[in-house]
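Subject: Structure handover

Hello,

Here is the structure we talked about. Please open it first, then read my notes below.

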Amino acid sequence: MVVGAVTHTAVRFIAKVTTGPNIRIKYSVNADMSSASFSASTAVDAQKVASVAVTGLSANTRYYWQVEDNSVVDTDPTGQFITDAVAAGTAWDFTIVAAGDGGLTPSFPGTTGSAVSRLTNHPVYSTISTKAIANDWRRFIHLGDLHYYNLGSGDFGLSATASTAQYRGAYDDVLAQSNQHTLYRTVPWVYVWDDHDYGPNNSDGTFTAKANAAAAYRERVPSYTLAEASSIYHSFEMGRVLFVVSDTRYNRSPSGDTDDSSKTMLGSAQKSWLDTLLGSTTAEGLVWVTPTPWCSAGTDTWESYQTERAELVEMFGDHGFLDKMVALSADHHTIFMQTENMVRTSSPLLSSYFPVFHFASLDATPSDGPQSDVGPFTDAPTGNNNLPGRGQYGTLSIEDNGAQIIFTGTGWRHNQTKPTHRYTYTSGGKTRVHRANHPYVIAL
């Protein structure tokens, strides 16, 4: 049972059942499921999975939900979710939670699955769910590496075929972990893959089984509308803030290619879509979800795609978002935050240009000290650049009073807050910041 694609009046569920051939979703504003409504009956597929959309919901309302399989309601477990308070385009204060990376040498290995040493049942997932329910956190954004199966590699006793069936099995295995399942059925789930859940380590657009990964994603993830039929990039709006979820794997050029205008991480179609979206949206602020680290050193990061990186900086500036945005990332198994407009003289292309909130890891081998050229760790209690660890995640709170929109990123380890960075900008129109001639000089 997973829930996602929430708006102020709609939601999407995906459920896998044992019987079929049809399911319905039972939902109610009451925890005891009294005065419940039912979705339309929906046929399951060959794997007994169905995707069910429900509309006509009340805004800013907590709902509880169960699955009816072949006319029998399964009363345990019960999921829940809360609808957005307002329609897109209206000022609203809210908080989302985000994190990535679970299953590399896990402290809490999977309890069942094809490769339990590459899964996790860490209690932090339950912690996030509990805190999200208590504090009305509105989304859980998974920033990649849902598992570490490395499908296509042939490692860990798994077949190297990376078939669609294998990807389906990986989703089954992840959702067989009770703590993860609790989170994804109680907090609307936004998910984008990185390398280990898309294919082998450091996989890119040359991966031959990528269509199988995309097919399974469409079957098992209750995402917002995907922008094309293959890759999984998409967007959604909350209040006056646009969220862009980028796919940095499906169309990526190999990292060893010459770094020129033909080398890409996003692909031409995704960049064209992004350019059009940023030019047409009425949103006042932007949250960019890039599972690949933006301001980090390494061959598998944006550092190896500097030409395209500069192109994106120019694009964000041309559409007036360069000084009205934050980015979320993971992959390095640490928390760090980089403040906006910090130009590093040693490596200007590793400069941030905008705040970057890096939230990891849920349960993966902690990064061994500083692994990235990220500059000062804002408000770090230790004064270090990184905060490696497990059981880590972050929250992004957005306050919109009409005149200002304030982004506040906070790192967490279990129930303990770590660093916080607060970023404020004035709303009411975006200023074009064109950097074609001086792409690395920030003068706002």
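Start with R62. R62 is buried, at 17% relative accessible area; buried means under 20%, exposed over 50%, and partly exposed in between (1.4 Å probe, protein chains only).

A word on the source. This is a predicted model, where local features need pLDDT of at least 70, side-chain atom pairs count only at pLDDT 80 or more, and totals for chains, interfaces and linings use all residues. Residues are numbered from 1 along each chain as its sequence is written, and side-chain values use heavy atoms, leaving out hydrogens and water.

Salt bridges

A salt bridge puts a side-chain nitrogen of Lys or Arg within 4 Å of a carboxyl oxygen of Asp or Glu. The count is 14. R62 pairs with D136 at 2.9 Å, N to O. D136 is partly exposed, at 32%. R139 and D84 also form a salt bridge, at 2.9 Å. Both R139 and D84 are buried. R390 meets D363, with the closest N and O atoms 2.8 Å apart. R390 and D363 are buried too. Shared partners join D194, D195, R249, R252 and D300 into one network.

The core

A nonpolar core is a set of buried Ala, Val, Leu, Ile, Met, Phe, Trp, Tyr and Cys residues joined through side-chain atoms within 4.5 Å. The largest has 90 residues. F140, F243 and L328 have the most contacts inside it. A second, separate core has 28 residues, including L277 and Y305.

One more spot

A91 is partly exposed, at 33% relative accessibility. The C-alpha atoms of A91 and N401 are 6.8 Å apart, yet 310 residues separate them along the chain.

Best wishes
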